[in-house]
Amino acid sequence: MLEKMDDFFAQRVDGYDEHMKTNIRGADEFYSFTASLLPKISGAMVLDLGCGTGLELEEYFLLNGSAVITGIDLSISMLNALKKKFPDKNMTLIHNSYFDEPFGEAVFDAAVSVESLHHFTAEKKEKLYHKLHASLKKNGYFVLTDYFAESEASEQEYFENLKKIRRDQGISDDSFYHYDTPLTVEHETEALLNAGFSSVEIQKSWGATYTLIAYK
């Protein structure tokens with residue numbers, strides 16, 4: 001049975017960090033690698049989409065303890081766990097969908113998202129990325145670490161499977177349900193460029209997981 005996104009993570013928060021670090025290929029590297037790409041300037045303003053328990057922030061605060069973080073997540077349980085980890089850090093944590101939350105204009109030096117955005121269509125992402133692009137400062141950039149479909153055929157299969165499951169379970173609302181529907185790297189790049197980013201570069205990969213940087 002499909003679970004609503006916030007319910008899915010609320011039930012798994014206790015073992016989430018260990019699961020991600022030990023069961024996801026490349027996780028022993030990609031959290032620290034992602035953090036290394038974020039700005040080191042004092043007081044850097046960084047937006048974290050789907051921040052969860054802050055596995056990338058654990059690494060980032062080691063590099064820039066003065067960073068000012070705005071984290072958005074659907075799971076209040078995850079956000080509470082993140083608060084407990086870093087009670088002394090400058091964080092604004094928002095319990096909401098990043099599709100609905102306003103980001104502001106020219107606010108952030110950088111944005112980041114790790115293993116969160118592989119649940120949505122290209123069309124939905126493009127709208128989000130347009131809003132994200134506007135929220136970045138002149139030389140801002142977005143670091144995306146996520147896993148991707150290996151081909152257009154597998155991408156289409158993910159979405160078709162989700163449609164069938166929703167139909168079979170009688171799910172007709174627009175709520176977010178936990179089911180992976182990754183795009184290909186090419187389609188993700190297209191969505192970012194269509195949203196206004198000037199260029200997108202692949203930085204590194206671990207199997208199906210890639211780190212991209214999209215420059216404003």
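Two strands count as paired if DSSP finds at least two bridges between them. Strands here are DSSP runs of E with at least two residues, helices are runs of H or I with at least four, and both are numbered from the N terminus. With that settled: in strand E5, Val 114 has Thr 145 as its bridge partner.

Two remarks on the source. This is a predicted model, in which local features need pLDDT of at least 70 and side-chain atom pairs count only at pLDDT 80 or more, while totals for chains, interfaces and linings use all residues. Residues are numbered from 1 along each chain as its sequence is written, and side-chain values use heavy atoms, with hydrogens and water left out.

Now the sheet. Seven strands make up an open, mixed sheet, in the order E3-E2-E1-E4-E5-E7-E6. E3 and E6 (199–206) are the edge strands, each pairing on one side only. On average, neighbouring strands are turned by 15 degrees against each other, direction ignored; the axes behind such angles are lines fitted to C-alpha atoms, for helices over the stretch in contact, and angles run from 0 to 180 degrees between N-to-C directions.

E4 and E5 are parallel, with six bridges, and Val 112 has Val 143 in E5 as its bridge partner. E1 and E4 are parallel over three bridges, and there Asp 48 stands opposite Val 112 in E4. E1 also pairs with E2, in the parallel sense over five bridges; in E2, Gly 71 is the bridge partner of Asp 48.

How much of E4 is buried? Seven of its seven residues are, where buried means under 20% relative accessible area, exposed means over 50%, and partly exposed lies in between, with a 1.4 Å probe and protein chains only. For E1, four of the five residues are buried, so that strand is largely enclosed by the rest of the structure.

Next, Glu 56, in helix H4. Glu 56 counts as buried because its relative accessibility is 3%. Leaving out residues up to four places away in sequence, Glu 56 touches Tyr 31, Ala 35, Asp 48, Cys 51 and Val 114; contact means heavy atoms within 4.5 Å. Phe 33 is 23 residues from Glu 56 in sequence, and their C-alpha atoms are 8.8 Å apart.

On to the cores. A nonpolar core is a set of buried Ala, Val, Leu, Ile, Met, Phe, Trp, Tyr and Cys residues joined through side-chain atoms within 4.5 Å. The largest has 29 residues, and Tyr 60 and Ile 69 have the most contacts inside it. Helices H3, H4 and H5 and strands E3, E4 and E5 each supply at least two of its residues. H3 gives the most, five residues. Apart from this core lies another, of 25 residues, including Phe 108 and Phe 142.

Last, helix H6, residues 122–135. Which residues of H6 are buried? They are Lys 125, Leu 128, Tyr 129, Leu 132, His 133 and Ser 135. Down the axis of H6 these fall within an arc of 145 degrees, so they line one face; the arc is taken from the directions from the helix axis to the C-beta atoms. Their cover includes E1, E4, E5 and helix H8. The face turned away from the buried side carries the exposed residues Glu 123, Lys 127 and His 130.
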